[in-house]
Amino acid sequence: MIRRLVIFGGTGDLAGRYLLPGLAALHETGRLEPGFEVVCADRKGRDDEQFREWAAAQLDRYAPAASADTQRAILDAARYQQADIGDPAQVAEAIGGAGAVAVYLALPPALFSTAIRTLDAARLPSGSRLVFEKPFGEDLTSAQELNTLLADLVPEQAVFRVDHFLAMTTVQNLLGSRLANRVLESLWNSAHIAEVEIVWEETLTLEDRAGYYDQVGALEDMVQNHLLQLLCLVAMEPPITLSERDLRDRKVDVLRSIRTLTDDDIPRRTRRAWYTAGVIGDRHVPSYTDEPGVDPQRRTETFTEVRLAIGNWRWAGTDFVLRTGKALAADRKEVAIHFRPVPHMPFGHHGTAAPNVLRFGLEPENLTLALTAIGAAAGTLVPLSMNAAIPPPDLPAYGRLLLDVLLGNPALSIRGDEAEESWRVVTPIISAWSRDLVPLEDYPAGSAGPGTSHTPNRKDRRQ
């Protein structure tokens, strides 16, 4: 296990909200070895006291369940280093020279290329590992260029393009429900499944992330990585094992099978919108364009829906709907499998029933199956719903990802060709939107989202 983690962007939101709490969870469960060290590096120039005050506040806020001993251990293991990611001498001082390190680039994608070149010039120790937050690159071309640079610095197995969605318990349960259940796997195809919804709708607004979010928008922030990764796990062929090679090979097969959207397809199969002023609960929310740090000229979407088709034997004829939005009326975070209706109902005028739905709740994590049963009166159909709560995991998603990095297990990270294929899927959409082939709609904050002209049954599916 690597015993030294260096975080560039080490006093940013990601480090404070997720990485330090993730390390606290590893310590709490006895997974950090003695002598572990974390270096938080950035350009701000904090002194030791300022850094410790900041780090303690993050642990208090985002890891409140951690014991006092754990919080003290993380604070003792952490130190601050001023370093500009473009300065090889400063970067070399931060990473040190005593053996392999894990370098976590909690930085904007625009800085990844500079970071790789600087780490090369700083003589990154042999055996080190590099961690990239999403999105990997800013488009297909930049992702390809980053992969070329990385190939000259470290082996592919030492590169962790992380996506914390893949470490969520529900994702593991999705695979388990499919691959360890003969009944479900026999139905897992277009003959039985009409549509798959992969949804991440939230009441949260920008939450002080305008500097990042306004540069990327909902499509690149969520669809290009998180939601496409979930699509891969739903749609992939059963792997031989869940090892790094077998799992990632099958995911790449899915991405390669997604039909490329043309300029004619995109107005029919994609939507984009941003929120206007409204009320969420007891909060008055300003328009997206009035949020601090937002440039209205960028026309950045806060809601998107993309309807994809997979061109292979298993999934021809099934729609995959990827939808995400901010500042909505309610949180809805799930993968919903909509089965086709039965071909004939013998119950006369009582024979109307909604198709069966299997829902994997992502947050909170649960599993729901909606079936149809016969009521007391002959031929009367009644809905039957079964809900299973999933026990909380012993590690949060970022704790699991950090453990994989420290142990050198890349199975749940994204391989280079996988990152490129994800960009291939969304690149035509980005291009069409830049030419205004799809109108930028709006929706009031606190509403269910923009109009439903492309999904007439959407209201029913949200029940």
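The model is predicted: local features need pLDDT of at least 70, side-chain atom pairs count only at pLDDT 80 or more, and totals for chains, interfaces and linings use all residues. Residues are numbered from 1 along each chain as its sequence is written, and side-chain values use heavy atoms, without hydrogens and water.

Six parallel strands make up an open sheet in the order E3-E2-E1-E4-E5-E6. E3 and E6 (159–161) stand at the edges with a single partner strand each, so one side of each has no neighbour in the sheet. From one strand to the next, the twist averages 20°. Strands are DSSP runs of E with at least two residues, helices runs of H or I with at least four, numbered from the N terminus; two strands pair if DSSP finds at least two bridges between them. Five bridges join E2 and E3, with Asp42 opposite Gln82 in E3.

Helix H3 (residues 68–77) has Thr70, Gln71, Ile74, Leu75 and Ala77 buried (under 20% relative accessible area with a 1.4 Å probe and protein chains only; exposed is over 50%, partly exposed in between). Seen down the axis of H3, these buried residues fall within an arc of 165°, so they line one face of the helix; the arc is that of the directions from the helix axis to the C-beta atoms. The face turned away from the buried side carries the exposed Ala68, Asp69 and Asp76.

Elsewhere, strand E8 (residues 270–276) has six of its seven residues buried. E8 runs antiparallel to E11 (residues 303–309), with four bridges, and pairs in the parallel sense with E17 (residues 440–444) over five bridges.

Key:
Axes are lines fitted to C-alpha atoms, for helices over the stretch in contact, and angles run from 0 to 180 degrees between N-to-C directions.
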